[in-house]
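Let's take a walk through this structure, one piece at a time. Have a look at it first, and then we'll go through the details.

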Amino acid sequence: MDTSVENGAVTRSDHPLRVINSTPEAIAKAQRRVQRSFRQIRTESVFRQSLMIIGLLMVVLVLGILLTLVVQSLPSIKALGPKFLWGKVWDPVQDIYGGLPFLLGTLISSFLALIISIPFSLAVAIWLGEYYPKGWLPDFLKNTVELIAAVPSVIYGFWGLAVLVPIVRNLETHIGVAPIGQGIFASSLILAIMIIPYAASLGRSMIQMVPSQLKEAAYGLGATRWEVIRSVVLPYTKSGLFAGILLSLGRALGETMAVTMVIGNTSLMPTNIFAPGNTMASVIANEFTEADKPVYLSALIELGLVLFLVTVVINLIGKKIIDRFTND
Amino acid sequence: MEIGSVKYRIGKNYGFKALVTIFAFACVIPLLFILFFILRQGITKINWHFLVNVPKPVGETGGGVANALVGSILIIFFSSLIAIPIGIMAGIYLSENRKSRLAYWTRLCTDILQGVPSIVIGIVAYFWIVKPLGGFSALSGSIALAIMMLPIVVRSTEETLKLLPSSLQEAAFALGMPFHRVIFKVVVPVGISGILSGVMLSIARITGETAPLLFTAFGNPYLSFNVTKPMQSLPLLIFNYATSPYDDWKDLAWGASLILLMWVLLLNIFTKLITRKWKVQL
């Protein structure tokens, strides 16, 4: 290839368009080739842009969800103000909307579920992360626990209705509270089962990330396995385990169908953990299609907005903790 | 045995190991109970008749769940059609632009979307599609479920593509391939196993979703193929019939539960198997 330097710029004297073969076919062919590469370049930039637009779409989607919830709950925010959050009475017939029964129902059932599930999910995490990380039995346990998360919530609800509620009713007659069966306690039990996998699988991967030198140092000092777990593994993974529990909590707060089916669906303030009640999600599921007044509908959406904000904050805190943990 | 002696500590060690083992395996029990119970209740109801007929009114025995099966398949098909291309493209965007500011926000929003309660998605789909179109429709249900599928597809695509060696792409670029051809001919084919398992996992997840369908697909006691009209789906049918006071309808719900459970579990187990076979990390 002949190249020459003119005025400091490199030019190629045998450029296909200029020198070689100036027959019409050859020129047309070369032009086609140039056009083709221009087309490729154009497609490339279009492709890059469409990737970016789709990336933007995810952001727009989330902002859109937030915006829709805010706009649709404006009538209720205007009409009821902040006292919506601590109003104790929910009576759509008389136009009284207080969200406290549902806030309380959600908080009580979720935290109760969390307390019940923590020993189990922690045990799974420790057993799989520390005691037996490999083998067929750990594989079995790991896959089974993951399948717990795969079972649809409506099936948990149905099972709870048919099996758990009678058991709870029996329990209630023994301890002397009104034997309803359906109620916050039953829904907590169902939720506790459903949220085990989230904290367990995250906790397992966190525990496996504990540097072995730390553990070996403790063993070298004569610590037993349990002492290593208690004074090295658990303190080291504290924040990661906490993040797993937060993610479980996020799941529990937003869980709808299973809770709706076993919680009993009353809009009264829950008096004890066995009382029937409603969570924010379950009241929306039950009353959304029946809401005939604009304020009624909008009050339900405001509950949805609260639910959305709470779960978003909880999830983001959890994710932040995990990111910091895995980057260290 | 005094506290602090070696024997006491060893005993404590074994004690806690036993405790942890017992608690860990106690988690399996409820799942086995549920599987066994659904199997026992559902297996007697399922036969050919059950699969090809629509539910009968109260008082008549027989009837099946054909409408729910068809509805579930159609709704899931359309949500996959929407969510899979968008999700994979967003995943590609995230893995190709790891450091850009928009990618940070996209990643954050994907995380947020993953945690949004399904009922909230239902509300939003109601205002975005059902209200403007003037009625409940299967299509709105598909869109609600597509929103639920998206984050799973995006994250699994991103995680898969992130693990590919960059030399692969660089080799393709060095041959003069344009960006889009590198993505479609090199990157995606190499990572297809991970992407596919993410897609299957997301389908398994939305198959059992009921809450977003309550205000969108709404349910329909008849067989319907029209996606602009209300449509039944398996989880909706289970919810409606399980909470009804009639035993015939509850039987129907048990049969439907077994079908749904098998569908979801098989999809999950199948995904597990292919991830193991192709050694994908998810």
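## Ground rules

Before anything else, a word on how open a residue is: "buried" stands for under 20% relative accessible area, "exposed" for over 50%, and "partly exposed" for anything in between, using a 1.4 Å probe and the protein chains only. Asp95(A), for example, comes out as partly exposed, at 43% relative accessibility.

This is a predicted model, in which local features need pLDDT of at least 70 and side-chain atom pairs count only at pLDDT 80 or more, while totals for chains, interfaces and linings use all residues. Residues are numbered from 1 along each chain as its sequence is written, chains are lettered from A and ligands numbered from 1 in the order in which they are written, and side-chain values use heavy atoms, with hydrogens and water left out.

Helix and strand names follow DSSP runs, numbered from the N terminus: helices are H or I runs of at least four residues, and strands are E runs of at least two.

## A salt bridge inside chain A

Side chains of opposite charge can pair when their charged atoms come close. Here a salt bridge means a side-chain nitrogen of Lys or Arg within 4 Å of a carboxyl oxygen of Asp or Glu. Over all chains, the structure holds 13 of them.

One of these links Glu130(A) with Lys215(A), whose closest N and O atoms are 3.1 Å apart. Glu130(A) sits in helix α2 (residues 100-131) of chain A and Lys215(A) in helix α6 (residues 212-220) of chain A, so the pair ties together parts that are 85 residues apart in sequence. Both ends are tucked away: Glu130(A) is buried at 6% relative accessible area, and Lys215(A) is buried too, at 14%.

What does Asp111(B) pair up with in chain A? Its partner there is Lys319(A), with the closest N and O atoms 4.0 Å apart. Asp111(B) belongs to helix α5 (residues 101-115) of chain B and Lys319(A) to helix α10 (residues 294-327) of chain A, so this pair joins two chains. Asp111(B) is buried, at 12% relative accessibility, whereas Lys319(A) is partly exposed, at 22%.

Asp111(B) also meets Arg155(B) in a salt bridge, at 2.6 Å from N to O. Arg155(B) lies in helix α7 (residues 138-163) of chain B and Asp111(B) in helix α5 of chain B, so the pair ties together parts that are 44 residues apart in sequence. Arg155(B) is buried, with a relative accessible area of 17%. Follow the shared partners and you get one network made of Lys319(A), Arg107(B), Asp111(B), Arg155(B), Glu158(B), Glu159(B) and Lys162(B).

## Other places where the chains touch

Contact here means heavy atoms within 4.5 Å. Ile65(A), in helix α1 of chain A, is buried at 1% relative accessible area. Leaving aside residues up to four places away in sequence, Ile65(A) touches Phe308(A), Leu113(B), Val120(B), Val124(B) and Trp128(B). Ile65(A) and Phe308(A) are 243 residues apart in sequence, yet their C-alpha atoms are 9.3 Å apart in space.

Over in chain B, Lys17(B) is part of helix α1 (residues 6-26) and is partly exposed, with a relative accessible area of 22%.

## A positive patch

Which residues form the positive surface patch? They are Lys29(A), Arg32(A), Arg33(A), Arg36(A), Arg39(A), Arg42(A), Arg181(B) and Lys185(B). A patch takes residues with over 30% relative accessible area and no salt bridge, joining like charges within 9 Å and nonpolar side chains (Val, Leu, Ile, Met, Phe, Trp, Tyr) within 5 Å. Lys and Arg count as positive and Asp and Glu as negative, with His and the chain ends not counted; a charge is placed at NZ of Lys, CZ of Arg, CG of Asp or CD of Glu. Accessible areas come from the Shrake-Rupley method with a 1.4 Å probe, and for residues only the protein chains shown count as cover.

Helix α1 (24-80) of chain A and helix α9 (179-207) of chain B each supply at least two residues of the patch. The largest share, 6 residues, comes from α1(A). Arg42(A), in that helix of chain A, is exposed at 53% relative accessible area.

Most residues other than glycine have a negative phi. Asp95(A) has a positive phi of about 60 degrees although it is not a glycine, and it lies in the loop between β3 (90-91) and β4 (96-97) of chain A. Asn265(A) has a positive phi as well, near 55 degrees. Asn265(A) is in the loop between α8 (257-262) and α9 (280-287) of chain A and is partly exposed, at 32% relative accessible area.
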